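Thanks for coming. I will go through one protein model, from one end of the chain's helices to the packing between them. Please look at the structure first.

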Amino acid sequence: MAARKTTSKPTPRRPAKRSGGGFGRFLHRLFTVLLLLALLGAGAGYYYATRPLDLTLPTRFTVGPGSVRATAAQLSQQGVIDSALAFRLLARLTGQDTRLKAGVYDLTQPTSMVELIGKLARGEASQIAFTVIEGWNWRELRAALARQQTLKPEATLMSDAELLLELGIDAPSLEGQFFPDTYFVAVGGSDLQVLARAHQRLQTKLDAAWAARDPATPLKNPYEALTLASIVEKETGTEADRAMVAGVFANRLRIGMRLQTDPSVIYGMGEHYAGNIRKRDLQTDTPYNTYTRAGLPPTPIAMPGEAALLAATRPAQTKALYFVARGDGSSHFSESLDAHNDAVNRYIRKR
């Protein structure tokens with residue numbers, strides 16, 4: 001008889017201890033703490049963004065054109081907000097950082113920072129701001145007015161001839177007739193109002209500059225001063241050089257030497273200018289080509305600022321007849337052609 005086979009019950013195995021259990025609990029607690037901190041931070045941020053600004057009401061402030069950084073700085077300087085950084089972050093978070101509009105704004109009731117950003121993005125200004133930039137020509141100014149969505153379009157619907165008549169401008173062109181500055185008009189105001197104020201300001205500045213002119217100036221009248229000032233505006237990269245550049249051109253006008261100024265040639269090329277000026281452009285005659293024609297061009301070529309107007313009417317006393325750009329925004333001035341050629345080799349040809 002075969003022996004009966006016996007089987008033994010397997011001994012139950014104890015569950016193995018998890019390694020790193022303490023570290024896992026630590027991570028869980030850390031995540032919980034971080035989540036709570038994030039929630040608290042979000043709550044604090046929400047409270048900060050939606051609580052009323054600490055302002056004495058009513059209050060008025062001005063926002064000029066520029067980036068969200070520039071707008072935040074202006075608001076901080078005027079005491080409207082207490083943190084330029086928080087304003088910039090909130091504007092970007094809400095996607096309105098590129099939609100903030102210049103103008104004069106009034107706050108008459110408690111307003112939070114998020115409400116303020118919305119107000120600026122919607123352009124709910126008491127007055128609308130428009131800036132004429134130094135060195136713009138009339139074509140650029142007209143295009144900028146056409147892009148405006150907050151000004152009533154009147155000037156943009158008129159021809160140049162109609163505008164000359166409407167604004168009472170006694171000149172052959174609208175070029176140079178508007179003073180570079182920021183102008184404010186009431187909501188509902190028109191682009192024509194901006195041009196009227198800019199022209200009046202130009203006349204005031206030009207009259208003052210002409211009244212203070214150097215008695216030895218070769219310029220015959222204020223319009224010639226405006227024309228020369230527009231060339232000085234386009235030729236100078238640094239304010240310190242303006243009077244010297246004007247002095248060079250005044251010297252050339254006195255002796256009948258051609259001005260040979262590239263910005264005037266470029267202006268005469270109009271929309272054909274593609275960013276560079278070639279030898280054949282300098283040789284192609286137009287009313288504005290100061291390489292082929294003596295004297296001043298027939299009209300200004302841009303809108304000069306006050307510094308350029310003063311430089312044109314009171315140029316530096318110098319014997320220089322030439323200047324060349326150094327490459328850093330400043331210019332090198334020379335009295336003779338040989339010295340000028342040496343400067344061209346040094347600064348342009350790098351010899």
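I start with helix α13, residues 337–347, where H340, A343, V344, N345 and Y347 are buried. Buried means under 20% relative accessible area, exposed means over 50%, and partly exposed is in between, with a 1.4 Å probe and protein chains only. The cover over the buried residues of α13 includes β5 (322–325) and β6 (331–334).

A word on what you are looking at. This is a predicted model, in which local features need pLDDT of at least 70 and side-chain atom pairs count only at pLDDT 80 or more, while totals for chains, interfaces and linings use all residues. Residues are numbered from 1 along each chain as its sequence is written, and side-chain values use heavy atoms, leaving out hydrogens and water.

Now the whole protein. There are 13 helices and 6 strands; these are DSSP runs numbered from the N terminus, with helices being H or I of at least four residues and strands E of at least two. Of the 351 residues, 41% are buried. Contact means heavy atoms within 4.5 Å. Among contacts with a separation of 6 or more, 63% are between residues 24 or more positions apart.

Next, the cores. A nonpolar core is a set of buried Ala, Val, Leu, Ile, Met, Phe, Trp, Tyr and Cys residues joined through side-chain atoms within 4.5 Å. Which residues touch the most other members of the largest one? They are F130, W138, L141, L163, F178 and L195, out of 52 residues in that core. Several elements supply at least two residues each, including β3 (127–131), α5 (138–147) and α8 (222–235). The largest share, 8 residues, comes from α7.

Take F130 as an example. Not counting residues up to four places away in sequence, F130 touches W136, L141, A144, L145, Q148, L151, D181, T182, Y183 and V194.

Two helix pairs now. The axes of α2 (residues 68–77) and α3 (residues 84–93) come within 9 Å and cross at roughly 140 degrees. Axes here are lines fitted to C-alpha atoms, for helices over the stretch in contact, and angles run from 0 to 180 degrees between N-to-C directions. The two helices are therefore oblique to each other. For the cut-offs, under 35 degrees is roughly parallel, over 145 roughly antiparallel, 65 to 115 roughly perpendicular, and the rest oblique. On the α2 side the contact is made by V68, R69, T71, A72, A73, L75 and S76, and on the α3 side by A84, F87, R88, A91 and R92.

The second pair is α9 and α12, which pack at an angle of about 40 degrees with their axes 8 Å apart. That makes α9 oblique to α12 as well. Their contact is made by R242, A243 and A246 of α9 and A307, A308, A311 and A312 of α12.

Last, one residue. Is Q74 buried or exposed? Q74 sits in helix α2 and is buried, because its relative accessible area is 18%. Leaving aside neighbours within four places in sequence, Q74 is in contact with T62, V63, G64 and P65. The C-alpha atoms of Q74 and F61 are separated by 9.0 Å, and these residues are 13 apart along the chain.
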